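Here are some notes for a colleague who is opening this entry for the first time. Please read them with the sequence and the structure side by side.

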Amino acid sequence: MAVYQWRDRRARRQVKEEELPSGLPPQSGVTFNVWYNKWSHGDSSRGSQRFVSPFRLDPARDSGRTRSSGDVDAQFCLFFARGCCVLGPQCTYLHHIPEDGAEGPRMPVRDCFGREKFSQYRDDMGGVGSFNNANRTLYIGGIAGALNDKPLKPLQIESRLRYLFNKLGALDRIRYVEAKNCAFVTFKSTANAEFAKEAMTNQTLLVPTDKEYPQRLEGSGLLVKWSHEDPDPEARARAQKQTHSNSLQLMNRILQDHAQGNDTTATKVRPRDADADGDTATHKRQKLVEYSSSSDDSDGA
């Protein structure tokens, strides 16, 4: 895992507001939902086509202090993870990747962005996830489209996945399945898996040194979902050991906070569409144009 020195600098404003797209996606239904940037009551297959996002998080360059830095109950910025936060140091959410023992939501019923989890996973394993399973493994599909069909050997693909995902948190392991052209990426922390799922959805696997990089937006982007439970007995044993370790860490944090007189029975969650001054316009506009797959955005609808 890469270590970023962000505490001594202010967060960078990733994009200017005028750089955000303002148009609606092609009509594929009867009603347009401005909060989820998608059409409903129509042909859902047209709205679920993947694309390559023009925005991308660079943790080494973008991370920094915001208005919420130092707040143990602060959540991570969803738009920062997607590389398109227009607020920078004025944002009321955290602008860095989750770190062990650092700020962030403490209760397992919410993800690192403060969104409520559900008791069960969605049928397509997309969305926020389940609070009944501390899943640390992501399924990575759409690899050929994310490479613009660039021919790479299996070890090269796995190495590229490791290079990109390692920027978003400490990795436990990566497994590329050549027969199905998909991969499984396991983080050491659930929070980092939640963060990486949003950061890498609809991203390209091309890097600036590739000759195909200027045409990266012509690809289809990565498909990132939660992984089903690994049937391998050794993998299950590792998962149980990690879950036990995470439970002990959570109990220790609760006991420490109780000894210090802090309340950990609830997590403060600020409205995602409001900034510190109560101005909702900017985040509502971000919500309208946020670049994520429509299948993931429908979780809370």
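Predicted model: local features only at pLDDT ≥ 70, side-chain atom pairs only at ≥ 80, totals over all residues.

1. The UniProt record, in an unreviewed entry, lists residues 71-98 as "domain: C3H1-type".

2. On the cysteines, a search of the whole structure finds zero disulfides. C91 is accordingly in no disulfide, and the nearest cysteine sulfur, which belongs to C77, is 3.9 Å away. C91 counts as buried because its relative accessibility is 0%, and C182 is likewise buried, with a relative accessible area of 4%.

3. The largest nonpolar core holds 49 residues, of which I140, I143, L161, F165 and F195 touch the most other members. Among the elements that give two or more residues to this core are α3 (78-81), β3 (137-141), α5 (154-165) and β6, while α6 gives the most, with five residues. As general background, nonpolar side chains in soluble globular proteins tend to be buried together.

4. Which residues does L161 touch, if those up to four places away in sequence are not counted? The contacts of L161 are with I140, I143, N166, I174, A183 and L205.

5. T201 deserves a separate look, and is found in the loop between α6 (190-200) and β6 (223-226). T201 counts as buried because its relative accessibility is 7%, under the 20% cut-off, and the side chain of T201 reaches the backbone oxygen of K197 at 2.5 Å.

Methods. Residues numbered from 1 in each chain as written. Heavy atoms only, no water. Helix = DSSP H or I, 4+ residues; strand = E, 2+ residues; numbered from the N terminus. Buried < 20%, exposed > 50% of the residue type's maximum accessible area, 1.4 Å probe, protein only. Polar contact = N/O pair within 3.5 Å; in protein donor to acceptor, adjacent residues only side chain to side chain. Core = buried A, V, L, I, M, F, W, Y, C linked by side-chain atoms within 4.5 Å. Contact = heavy atoms within 4.5 Å. UniProt positions renumbered as here; feature names shortened; annotations may be inferred. Disulfide = S-S within 2.5 Å.
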